[in-house]
Every structure is written in structure tokens, then in C-alpha cells.
Amino acid sequence: MSRMSNTVLGFLNILTLISSIVLLGSALWMGRSKTTCEHFLQKPLLILGLAILVLSIAGLVGACCDVAWVLWVYLFFMVFIIVALMGLTLFGFIVTSHGGGVGVDGRIYKEFKLESYHPWLKTRVIDTNYWVTIKTCLLGSVTCTKLALWTPLDYLQKDLSPLQSGCCKPPTSCVYNTDTPIQQDPDCYKWNNAPTVLCYDCDSCRAGVLETVRRDWHKLSLVNVIVVVFLIAVYCIGCCAFKNARRPQHYGFPYGRYGMSKSRPGWEQSWSRWWHGRDRY
């Protein structure tokens, strides 16, 4: 019964080991995906997946082999993982609290404004060099290909993704073919029917990218809450396993009047016994 915590810890670390492999696979898939063209979450997922993978192996070795110093290292770094995840989760909720689409009259889809997003996210897509990379990815994707066959009626009846709403069409408020100059959204003048231009340089396209990131990050933050609670539970069980690993190991067969087992003292007891008995000689 005293070693039950070691068994449970080993089983939980097998689960975290499998989860870390899935996390690494998801991060690598995200790097090759052309659906969002924003790989901001790839590096944090890779770092988190590698850290959990290494910790899971250490916890598995410490629990199964009953190695106290491995469990100590495991628990020490587990604290940093938990604190880092809590900080990342809190930051994620703060950043993703901004943004969201604006409804358009007579349309199912929404449109997105760059100024409504958190400044920390906004500075990323404003950078010209960074945006060129995203724009190249969008041109190589099929984000706007489906809309090329749409009729005006489709725009009234069908929904659009944030990328399609921001990058594949001009803002709905734009008015063209008018002889009277009117003041319009600056994105209206950036729009072009050429497939390689469209509205890829519009602020609405940048906002569409950020909205996609915001939704993904918000989902990830919700998952992080569950992961943090799970890791705290694993940490508590790991502390019990560490205490068990430091106890004196029992061996041999029962002896004595009450069938007590013979025990081998740990290093703390051996050192204390030597220290207090050295004056006898």
C-alpha cells in the first residue's frame, strides 16, 4: 500500500508521455498547415511538448525504479512547468479577450477590424517583413479559391471564415463605380480583382489572421487550464512517491515475536548513527 503512489505516478506519466507525443505531432502539423498561415503557437507547443516528454520519462524512471534523486529532479522542474503554464494561460486569456467580429447587415458572415485586437498581437502583423511571410502562405493556400465561383447570392446566404472575410473580398461598405468621390475605408482602395492581389494587403486581412490566432489561442488556454490541474495532481502524487523512495527499504522475512520485518536504514539514519557513536571509540 505504501508503494501505491509509485504505481499511480508511473501510470499517470505514461499518459503524459503519450500526450506529449500528440502535442509534438500537433505542433509539427501546425508548421506544415496552410489553413491559418500563422505559426505563432508552434514554438510554444514544441517547447511545452519537449518539456513534458522529458519530465514524463524522468517521472516514469523515478517511480518504477524508486530512485529518489530522479524524483527530486522531476518534482523540481515540474514546479517550473506548472508556473510557466499558469502564466501562459493567464496571458492567453488577457490577449484573447480583445477582438471579435462585427456583424454586417443582411449577411451571415462578420467583418474584423485591426484596431479591436490586443496591441501585442497587432504589432506582429503590422511588421512588413513578418507580413510578407504570411501573405506568401496565403497566396499558396486555397483560402480564396472557393470564393472565385461564388455569386452575389452566395455572399448573402453563406458564412465566411475570418481569413476569407478579410483577405478575399473588399469591405462590404465599399462603393465602386461612382462619379462622386466619397470617403471610404482605406481597405477599399487596396482591393484589386487580381488573384495575387485581392485584399491581402488590407488591414482587414491582418485582422482575419489575428482572429484565427485568437480563436486557436483561446481554445489552447482552456486546454491549459485542464493540463495545469492535471499536473498539480501528478505533482502531489509525485511528492508521496518521493517520500516513499526516501524511506528505509525492508528486506528479508518476518522475524521476532510480532513478525516485524528487518529493515535496512537509509543514508540519513546511517550517518546519524555514525555521528553519535563516534565518541565511543
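## Basis of the model

The structure is a predicted model, in which local features need pLDDT of at least 70 and side-chain atom pairs count only at pLDDT 80 or more, while totals for chains, interfaces and linings use all residues. Residues are numbered from 1 along each chain as its sequence is written, and side-chain values use heavy atoms, with hydrogens and water left out.

## Fold and contacts

The protein chain has 9 helices and 4 strands, taken as DSSP runs numbered from the N terminus (helices: H or I, at least four residues; strands: E, at least two). From the N terminus on, their order is α-α-α-β-β-α-α-α-α-α-β-β-α.

Among contacts (heavy atoms within 4.5 Å) with a separation of 6 or more, 66% join residues 24 or more positions apart.

## Burial and nonpolar cores

Of the 281 residues, 38% count as buried; buried means under 20% relative accessible area, exposed over 50%, and partly exposed in between (1.4 Å probe, protein chains only).

A nonpolar core is a set of buried Ala, Val, Leu, Ile, Met, Phe, Trp, Tyr and Cys residues joined through side-chain atoms within 4.5 Å. The largest has 32 residues, with Trp 131, Leu 138 and Tyr 200 making the most contacts inside it. Helices α4 (119-126), α5 (128-140), α7 (162-167) and α8 (203-246) each give two or more residues to this core, and α8 gives the most, with 7. A second, separate core of 18 residues includes Leu 12 and Val 228.

## Phe 11

Phe 11 lies in helix α1 (residues 4-32) and counts as exposed because its relative accessibility is 52%. Its C-alpha atom is separated by 9.3 Å from that of Ala 63, 52 residues apart along the chain.
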